[in-house]
Amino acid sequence: MSETNNDEALPGHDHDGVDRRGFLKCMAWAGTGAFYVMQGGVLKSYSLSTRLPLGSTSTAELSFVQISDSHMGFNKQANPYVFCTDTATTEKVNRLATPPEFMLHTGDISHLSRPEEFDTVDQVLKSASAKDVFFVPGEHDVLEDDGKQYLERYGKGAKGAGWYSFDKKGVHFIGLVNVLNLKAGGLGSLGGEQLEWLEDDVKHLKHSTPIVVFAHIPLWTVYPEWGWGTEDSGQALSYLKKFGSVTVLNGHIHQTMQKVEGNVTFHTAASTAFPQPRPGTAESPGPMTVPADQLKSILGITDVTYVRGKHSLAVVDSSLA
Amino acid sequence: MRKRVSTGIFVAALGLGVAGLGVRSAGVAASALPRPATMEVAIDNFAFGPTDLTVAAGTTVTWTNRDDIPHTVVSTEKVFKSKVLDTDEKFSSTFSTPGTYPYFCSIHPKMTGKVVVQ
């Protein structure tokens, strides 16, 4: 992809990242994302580049995909073709052996909260086989208007700044918002109102209910120097202590990472737009430029398998190369 | 040619006169402070540079985003607030009242800075 070695602005390149001259460029890009299967109360995740063996999910109770950080509108060196990588992601979703029932988008849908950016992502997602997409906002989605536009578009039925919960086949999903009212020098923030709602939301659930929490900024402290954590996530997690199986899905850091703490498995997804450096390996957490032919391998995801109640975790890194 | 030269000298003299007036009106500490009426802060690599900036009252500070990610400049005391600045976009604020003005990027709150106005 020698075309992407240009340092200057690409000619014929619209703000939404679509290169009017060469749509074929999109064909060379692979997307990313994580595909989840709920089988017997156990959550397993697979790379979207893994072709599931036929019939392997015949006993699956639930399957869904997490995508994150599409940053539609970003067009700098790290990936001038965000539209292409986002499109490639939905194409991958459509090629899965078992179509996912729905998708979770863990935020930074847009890059600059512009209406046309949201519109483009909505268009791209329309071609996915999974018609239902559940969103939570990233900090790039709530610029200028404290998230009013985000709420209008994606917040139907949600409370406050856009938090909500829903159930699918006995699994309880909780979408949290931790990108608003951020304080100087601080990390992500859930806030008192949302925490109160969360405590109430899970109060009457049976301890055996598998819980999936999704939010943009990691709900565990990945790297505070770069703001990769949430100030008051500890309190949120304390309300989930009683549950035997809790999976936390986040985005924001544009790389896969996972951690197990007691009954909680934390997992961050890669971005479908551009990678960011591993903690502390660069001056700042900004977009990381890699040689064009390596971008696929950097946008890869990590397979995570965990067993409810046994606190064991198998981690397998797989790229899209 | 001669006419043009004399015009040039006249303009230069006028400029010096104006500058002189500026120095006199800035007060006792003026000699220790930057003379220009505009100071620059560069935003790059998720940081404000310089992080701490001391200026004379009446100075306009201009922030320029040189990063490849958008940032904002927001006063913690709500005194000033930029719109979202994409790469190469600028924001300016004039500081008339002495004091300390801490600010941060509302998108990446770990980025903090301070303008001290004397």
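Among contacts in chain A between residues at least 6 apart in sequence, what percentage join residues at least 24 apart? The figure is 71%, where two residues are in contact if their C-beta atoms, placed from the backbone, lie within 7 Å.

This is a predicted model, in which local features need pLDDT of at least 70 and side-chain atom pairs count only at pLDDT 80 or more, while totals for chains, interfaces and linings use all residues. Residues are numbered from 1 along each chain as its sequence is written, and chains are lettered from A and ligands numbered from 1 in the order in which they are written.

**Stop 1: chain A as a whole**

Select chain A and colour it by secondary structure. Chain A holds six helices and 13 strands; helices (H or I, at least four residues) and strands (E, at least two) are DSSP runs, numbered from the N terminus. Of its 321 residues, 50% are buried. A residue is buried if 20 or more other C-beta atoms lie within 10 Å of its own, exposed if 12 or fewer, and partly exposed in between, with C-beta atoms placed from the backbone.

**Stop 2: helix α1 of chain A**

Select residues 82–94 of chain A, which are the 13 residues of helix α1. From first C-alpha to last, α1(A) reaches 19 Å, close to the 18 Å expected at 1.5 Å a residue; the expected span is 1.5 Å times one less than the number of residues. Eleven of the 13 residues are buried, so α1(A) is largely enclosed by the rest of the structure. Among the buried ones are F83(A), D86(A) and K92(A).

**Stop 3: the six-strand sheet**

Now show the open sheet of chain A with the order β6-β7-β8-β9-β11-β10, whose pairing is mixed. Two strands pair if DSSP finds at least two bridges between them. At the edges are β6 (164–168) and β10 (257–261) of chain A, each pairing on one side only. From one strand to the next the twist averages 15°; axes are lines fitted to C-alpha atoms, for helices over the stretch in contact, and angles run from 0 to 180 degrees between N-to-C directions.

Five bridges join β6(A) to β7 (residues 171–175) of chain A, and the two run antiparallel. S165(A) has I174(A) in β7(A) as its bridge partner. The two strands form a hairpin with two residues between them, and K169(A) in the turn has a positive phi of about 50°.

Move to β8 (residues 211–214) and β9 (residues 246–250) of chain A, which pair in the parallel sense over four bridges. V213(A) has V248(A) in β9(A) as its bridge partner. Is β9(A) covered on both faces or on one? On both: V246(A), V248(A) and N250(A) lie on one side and T247(A) and L249(A) on the other, and all are buried. Five of the five residues of β9(A) are buried, so this strand is largely enclosed by the rest of the structure.

**Stop 4**

**Stop 5: chain B**

Select chain B, which has one helix and eight strands. Of its 118 residues, 28% count as buried.

Zoom in on β4 (residues 59–65) of chain B. T59(B), V61(B), W63(B) and N65(B) make up its covered face, and T60(B), T62(B) and T64(B) the uncovered one. β4(B) pairs with β1 (residues 38–44) of chain B in the parallel sense over six bridges, and T38(B) stands opposite T60(B). Six bridges also join β4(B) to β6 (residues 90–95) of chain B, running antiparallel; there W63(B) has F91(B) as its bridge partner.

**Stop 6: where the chains meet**

Show both chains together. The contact takes 19 residues from chain B and 18 residues from chain A. On the chain B side, the residues divide into nine nonpolar, five polar and five charged. Here Ala, Val, Leu, Ile, Met, Phe, Trp, Tyr, Cys and Pro count as nonpolar, Asp, Glu, Lys and Arg as charged, and the others, Gly among them, as polar.
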